[in-house]
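I opened the notebook to log what I looked up in this model. The entries follow the order in which I looked.

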Amino acid sequence: MTSSAVIVNPSKVVDLDERRREICDLLGAAGWPEPLWLTTTPEDPGCGMAVQAVEAGVDVVFVCGGDGTVMAVASVLAGTDVALALVPSGTGNLLATNLGITRDVRAAVEVAIHGDRRRIDVGIVDGADTSTGHPGTFTVMAGMGFDAEMLDATPDTAKRRFGWLAYVAAGARRLSRKRVLMRIRLDGGRWIRRRARSVLVANVGRLQGGIPLRPDDGWLDVAILTPRDLTDWILLGWGVVMRRGGTRQLETFRARKVEVHTGQDQARELDGDVVAPARVLVARIAPAALTLCVPRTPTPPESPAAPEAARVTPPRGA
């Protein structure tokens, strides 16, 4: 019998009682006992609740919340055998989107009940501002520069009302800002110096050209964005939309540890949540650290058996 806990962010769910009834009914119909129900607080985005769930000995932890709640819970479950199940409820839901898990509650719970379990890598950021509740762990992406500025400038009210268009509007107002001298080092090698607008460190998603990133390959994928002006931003955006190969506005690398240094404080983000600005971003990979509930991979149909060769009787006298 599979035991579970549900960690819910009340600011991301419209009707908590209805959500609880729906999840409990679905689990009960599958023969699962009633889950441990835990609610996040403004002071604790989910870390303490995840610790409670692990100490209670549950097998699966459902997360009803946005990217910040997922990140907090994942930071605790990483390194354990407790599986993380996503019930997307926020505005971004980066990990759920990349895994094909929809906002439909029934479908999301079905993934945990009947789907697969997959061990994925997680990223660890040294020196994240844990005093604000950010655990310094990411499952999808960490960033320094433009992407974090855009996220920080987008009000929650605009996110709820306009969705991804709110990020576009906030980003458009920052396209003309000057590039910053950044030094990037991969796996302790030589320093790479670039005047850049952003450095992204990705675990899940897609590379330039539409190439999907494997969340279980033991590598971080690094993108350095160096557009100089609006024309460069347009060319970069066009390349991303058309899934073309590398452009001069974007360089990509792979590493297990990434160090980014700048001469002045820069905005930073982990999985869509803004953390304290700093002059340094140091990220490393923790391979196969997190067990995740994912949609079941369809089993390819078996090829029809080849007909047995007809037996030929040789003619008499042969």
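**Entry 1: overall figures.** I began with burial: 49% of the 318 residues in the protein chain are buried, where buried means under 20% relative accessible area, exposed means over 50%, and partly exposed lies in between, with a 1.4 Å probe and protein chains only. I note that this is a predicted model, in which local features need pLDDT of at least 70 and side-chain atom pairs count only at pLDDT 80 or more, while totals for chains, interfaces and linings use all residues. Residues are numbered from 1 along each chain as its sequence is written, and side-chain values use heavy atoms, with hydrogens and water left out.

I then took the secondary structure, which comes to nine helices and 16 strands; helices (H or I, at least four residues) and strands (E, at least two) are DSSP runs numbered from the N terminus. Among contacts with a separation of 6 or more, 69% are between residues 24 or more positions apart, a contact being heavy atoms within 4.5 Å.

**Entry 2: helix α5.** I asked which residues of α5 (residues 105–114) are buried. They are Val105, Ala108, Val109, Val111, Ala112 and Ile113. For the spacing I recalled that an α-helix has 3.6 residues a turn, so residues three or four places apart point the same way. The cover over these buried residues includes α1 (16–29), β3 (60–65), β4 (83–88), β5 (116–126) and β16 (273–294). At the N-terminal end I found Asp104 as the cap of α5, with a side-chain oxygen 3.3 Å from the backbone nitrogen of Arg106.

**Entry 3: strand β13.** I looked at β13 (residues 220–225) and found six of its six residues buried. Leu220, Val222 and Ile224 point one way from the strand, and Asp221, Ala223 and Leu225 point the other way. What does its side chain join in a polar contact? The side chain of Asp221 meets that of Arg254 at 3.4 Å; a polar contact is a pair of N or O atoms within 3.5 Å, and within protein one must be able to donate a hydrogen and the other to accept it, with residues adjacent in sequence counted only if both atoms are side-chain atoms.

I next listed the pairing, for which DSSP must find at least two bridges between two strands. β13 pairs with β10 (residues 198–202) in the antiparallel sense over five bridges, and with β14 (residues 250–255), also antiparallel, over six bridges. Leu225 is the bridge partner of Ser198, and Leu225 also stands opposite Leu250 in β14.

**Entry 4: rings.** I counted one aromatic pair, using Phe, Tyr and Trp rings (for Trp the six-membered ring) with centres within 6.5 Å; planes under 30 degrees apart are stacked, over 60 edge-to-face and the rest tilted. The pair is Trp32 and Phe62, with centres 6.2 Å apart and planes at 55 degrees, so I logged it as tilted. Trp32 lies in the loop between α1 and β2 (36–39) and Phe62 in β3, so the pair ties together parts that are 30 residues apart in sequence. Both residues are buried.

I also noted charges over rings, meaning NZ of Lys or CZ of Arg within 6 Å of the ring centre and within 35 degrees of the ring normal. Arg256 has its charged end over Trp219, 3.8 Å from the ring centre. Arg183 lies over the face of Trp191 at 4.4 Å.

Entry 5: β8 (residues 180–186) and β9 (residues 191–196) run antiparallel, joined by six bridges, and Arg183 stands opposite Arg193 in β9. Four residues lie between the strands of this hairpin. Asp187, in the loop between β8 and β9, has a positive phi near 50 degrees although it is not glycine. At 42% relative accessible area, Asp187 is partly exposed.

Asp271, in the loop between β15 (257–270) and β16, also has a positive phi near 50 degrees. Is Asp271 buried or exposed? Asp271 is buried, at 3% relative accessibility. Not counting residues up to four places away in sequence, Asp271 touches Asp67, Met71, Leu94, Phe138, Thr139, Val140 and Met141.
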